[in-house]
Amino acid sequence: MNFLTQVLHLVGSGAAAFITARNMRDPLTRPNTLASLQLAESGSVPFLETLRDRAATEGDLWLAEKLTRHANDERRHGQIFAHALKQLNKQVIDFKNTPKPVEKAGEPKRNPFFDAYFEGYTSTELKPEAIDWIAFLASTYILELDASKDFVRMANVLPEDEPVSANLKKGILSVASDETGHAAYLREGLERRLTAAEVDAVIDSWRTRKVNAMLAMVGNFIQKSGKSPSLVQDGVPTEMSEAPEAALAA
């Protein structure tokens with residue numbers, strides 16, 4: 001990674017860390033932050049499970065086992081954030097019953113972060129049935145490695161003198177620990193397929209992509225004056241009405 005990319009990485013990571021920590025600390029923005037995390041973690045489960053089945057079919061039982069664990073972890077992470085919302089008497093909006101906004105000419109159809117991160121890839125090439133294994137391992141390694149640090153930052157801004165926040169902090173730190181483990185197996189997956197020099201090169205390539213994606217995300221955040229659509233509504237999902245309080249710290 002060249003010097004300019006290193007500098008931009010520090011700038012982009014610092015800006016993103018400030019935004020996410022601020023949104024987690026502020027009681028007004030915390031529900032939306034928790035909802036976005038729930039959607040991201042739970043939403044990755046089907047993708048990972050399809051990859052697991054593909055790896056098993058291709059005879060890579062080591063990777064299939066790792067992907068099984070990864071999917072189970074992401075499912076648990078989604079439950080942690082859903083439970084945190086429950087404690088605030090909130091839940092993620094049911095988007096199936098929400099009218100889709102009318103697309104305006106010239107507006108990007110995808111998240112600006114992922115538009116930049118996966119620039120040059122078609123939606124078909126990014127499907128779990130088709131994605132190149134090296135691209136999956138390297139791109140997800142960067143995301144998981146950085147997420148492990150982001151979650152620690154978010155946890156550290158939460159007070160420990162209030163039970164709900166203290167319990168949430170414990171849950172988020174457990175998520176951070178899992179993400180560190182995911183990054184480790186993803187890098188090992190690369191090392192099983194590539195030489196050491198090739199691993200470094202592909203990681204540097206995706207690090208550069210991540211820098212560009214972070215800058216695009218921060219720019220979009222500034223353009224929208226820090227505003228984002230609400231992802232939550234009042235109430236608790238029926239299936240969680242009897243959920244044990246200990247679920248958050250599982």
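Tutor: Let us begin with a term: helices (H or I, at least four residues) and strands (E, at least two) are DSSP runs, numbered from the N terminus. This is a predicted model, in which local features need pLDDT of at least 70 and side-chain atom pairs count only at pLDDT 80 or more, while totals for chains, interfaces and linings use all residues. Residues are numbered from 1 along each chain as its sequence is written, and side-chain values use heavy atoms, with hydrogens and water left out.

Student: How many aromatic pairs does a search of the whole structure find?

Tutor: Rings of Phe, Tyr and Trp (its six-membered ring) pair if their centres lie within 6.5 Å; planes under 30 degrees apart are stacked, over 60 edge-to-face, and the rest tilted. The search of this whole structure gives 12 such pairs. One of them joins Tyr117 and Trp206, whose ring centres are 5.1 Å apart and whose planes meet at 65°, so this pair is edge-to-face. The pair links distant parts of the chain, because Tyr117 belongs to helix α5 (residues 112-117) and Trp206 to helix α8 (residues 196-223), 89 residues apart.

Student: Are Tyr117 and Trp206 buried or exposed?

Tutor: Buried means under 20% relative accessible area, exposed over 50%, and partly exposed in between (1.4 Å probe, protein chains only). Tyr117, at 0% relative accessibility, is therefore buried, and Trp206, at 3%, is buried as well.

Student: How are the rings of Trp133 and Phe136 arranged?

Tutor: The ring centres of Trp133 and Phe136 are 6.1 Å apart and their planes stand at 75°, so this pair too is edge-to-face. Trp133 and Phe136 lie three residues apart in helix α6 (residues 133-156), and so about one helical turn separates them. Trp133 is buried at 11% relative accessibility, and Phe136 is buried with a relative accessible area of 2%.

Student: Which residues form one aromatic cluster with Trp206?

Tutor: The cluster brings Trp206 together with Phe113, Phe114, Tyr117, Phe118 and Tyr121.

Student: Which charged end sits over the ring of Trp206?

Tutor: A charge sits over a ring if NZ of Lys or CZ of Arg is within 6 Å of the ring centre and within 35 degrees of the ring normal. Over the ring of Trp206 sits the charged end of Arg209, 4.7 Å from the ring centre. In another case, the charged end of Arg192 sits over the ring of Trp62, 3.9 Å from its centre.

Student: Where is Ser165 placed?

Tutor: Ser165 lies in helix α7 (residues 163-193), and with a relative accessible area of 4% Ser165 is buried. Apart from neighbours within four places in sequence, Ser165 is in contact (heavy atoms within 4.5 Å) with Arg30, Leu158 and Pro159.
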